[in-house]
Amino acid sequence: MTLPRRMLLNAFSMSCISHIHHGLWSRSDTRQLDYASFAPWTELAQLLERGCFDSIFLADVIGTHDVFRDGADTSVVEAMQIPINDPAMLIPAMAQVTEHLGLAYTSSVLQIPPFTFARQISTLDHLTQGRVGWNIVTSALRNAGTNLGFPGLPSHEERYNRADEYLDVVYKLWEGSWEDDAVLRDVVRGRYADPAKVHAINHTGEYYKVEGPHLCEPSPQRTPLLFQAGSSTLGRTFASQHAECVFVVGSLAALNGPASVVRDIQTQARAFGRNPDEIRFFQGLSPVVGGTEADAKAKLDDYMESYSMDGALAHISGTMGVDLDGVDLEAPIESIEVEALRGWVKGLIDANPKKTQTFRDLIRTRTLERFIVGAPEQVADGMEARFNAGIDGFNLTYSVTPGTFCDFIDGVVPILQKRGLAQTEYAPGTFREKLFGHANVSKDHHAASYRRD
């Protein structure tokens with residue numbers, strides 16, 4: 001069944017104090033300091049379901065950003081993604097207080113053996129009645145590698161090679177280990193399942209050796225809804241083969257950047273024999289909504305008063321692997337001679353129509369380009385333009401929580417619904433059914449090749 005195209009709404013968060021907009025955790029109008037208790041998460045889930053959001057997505061890292069100033073001290077001081085709790089632990093609590101909201105979280109292929117991970121997420125899929133999604137990552141922080149027993153972070157190519165094999169293992173477990181009619185539940189004869197229809201997978205590869213069978217009976221989705229966010233050449237190829245939902249990056253000021261990523265992944269998906277209509281694309285966006293445009297701009301100015309440049313530099317340094325402490329923030333851009341920064345700097349300048357003069361300007365530009373600011377109608381207009389350009393949905397990042405989501409749900413969602421862009425009620429079924437119209441991965445997806453017909 002093909003569902004009519006509509007705008008998808010996803011709330012983006014992290015089980016930590018400071019996620020993306022660093023420094024704002026210290027404000028009195030946000031609950032970021034309450035991250036380690038259930039209440040802010042269950043209440044947020046209920047709020048998002050009231051707003052007919054498709055899902056909440058929890059990011060994660062398994063290491064510290066320890067490049068800036070040659071260590072993790074700044075990250076610790078700024079609470080910049082440390083301390084951070086395991087996002088999977090929040091899924092049952094949020095599921096318990098909602099009925100429809102999709103619940104997606106990040107787990108790296110480096111952090112949990114595939115056999116163990118397959119059982120964990122199948123358990124969650126059972127407990128949530130099929131509402132779980134998995135964001136597949138390969139990790140990007142040096143400290144993630146050393147935390148997990150590697151001498152350092154494995155190379156980019158090796159991480160994706162591991163990911164390909166990891167996916168093969170979990171697909172075999174989820175799709176191929178138990179046949180559809182293996183479970184009998186025959187209380188009269190005392191037979192729960194037919195052992196002839198429960199199979200070992202006997203996987204032997206370069207990185208993993210797994211006998212099986214899968215310890216969980218088939219969950220509502222079998223394979224969880226698959227998310228991916230890699231933007232590199234290898235990341236796009238990986239997404240085109242595996243992902244059902246892809247997070248794309250690119251300036252909000254220009255539609256051509258995200259659109260080119262969409263076209264590239266769709267083209268590669270066809271080469272893998274997949275229907276590109278079975279992939280949804282999400283763009284990151286930080287809405288700041290006011291009663292008027294002036295109100296919204298004043299609100300953003302107020303947020304930026306709390307913004308931490310050190311937090312931002314620690315985040316960027318860790319992501320890029322380049323210590324930005326040695327860069328003079330007041331230096332003219334053309335004077336920057338750090339080789340590893342040149343491409344990144346050029347990309348930011350090219351993406352923004354207003355040329356910046358100093359490195360401080362550049363960091364501020366990088367931050368501000370994530371925002372869409374205005375009265376509800378203006379924010380809706382901007383989102384509709386991107387939707388019409390080929391973006392299927394939005395990964396909405398908060399400035400303050402739950403205030404950012406409250407403003408958006410109360411102001412923008414009714415307009416999107418009135419325009420017929422956003423859903424007014426939930427369709428029945430699993431997370432995947434709500435987005436694609438079918439409970440399990442499509443027949444042309446790589447995972448389906450392991451099914452026993």
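Trainee: Which residue does Gln 228 stand opposite in strand 10?
Mentor: Val 246 is the residue opposite Gln 228 there. Keep in mind that this is a predicted model.

Trainee: How many bridges join strand 9 to strand 10, and do they run parallel or antiparallel?
Mentor: There are 2 bridges, and the two strands run parallel.

Trainee: Are the faces of strand 9 covered or open?
Mentor: Both are covered. Leu 225 and Phe 227 lie on one side, Leu 226 and Gln 228 on the other, and all of them are buried. In general, side chains in a regular strand alternate between the two faces of the sheet.

Trainee: Switching to aromatics: how many pairs are there in the whole structure?
Mentor: The search finds 17 aromatic pairs. In one of them, Phe 227 and Phe 431 have ring centres 6.0 Å apart and planes at 40°, so the pair is tilted. It links distant parts of the chain, with Phe 227 in strand 9 and Phe 431 in helix 16, 204 residues apart.

Trainee: Is Phe 431 buried or exposed?
Mentor: Buried, because its relative accessibility is 3%. Phe 227 is buried too, at 0%.

Trainee: Which residues are in the cluster with Phe 227?
Mentor: Ring pairs link Phe 227 with Phe 12, Phe 57, Phe 247, Phe 282 and Phe 431.

Conventions. Residues are numbered from 1 along each chain as its sequence is written. This is a predicted model: local features need pLDDT of at least 70, side-chain atom pairs count only at pLDDT 80 or more; totals for chains, interfaces and linings use all residues. Side-chain values use heavy atoms; hydrogens and water are left out. Buried means under 20% relative accessible area, exposed over 50%, partly exposed in between (1.4 Å probe, protein chains only). Helices (H or I, at least four residues) and strands (E, at least two) are DSSP runs, numbered from the N terminus. Two strands pair if DSSP finds at least two bridges between them. Rings of Phe, Tyr and Trp (its six-membered ring) pair if their centres lie within 6.5 Å; planes under 30 degrees apart count as stacked, over 60 as edge-to-face and the rest as tilted.
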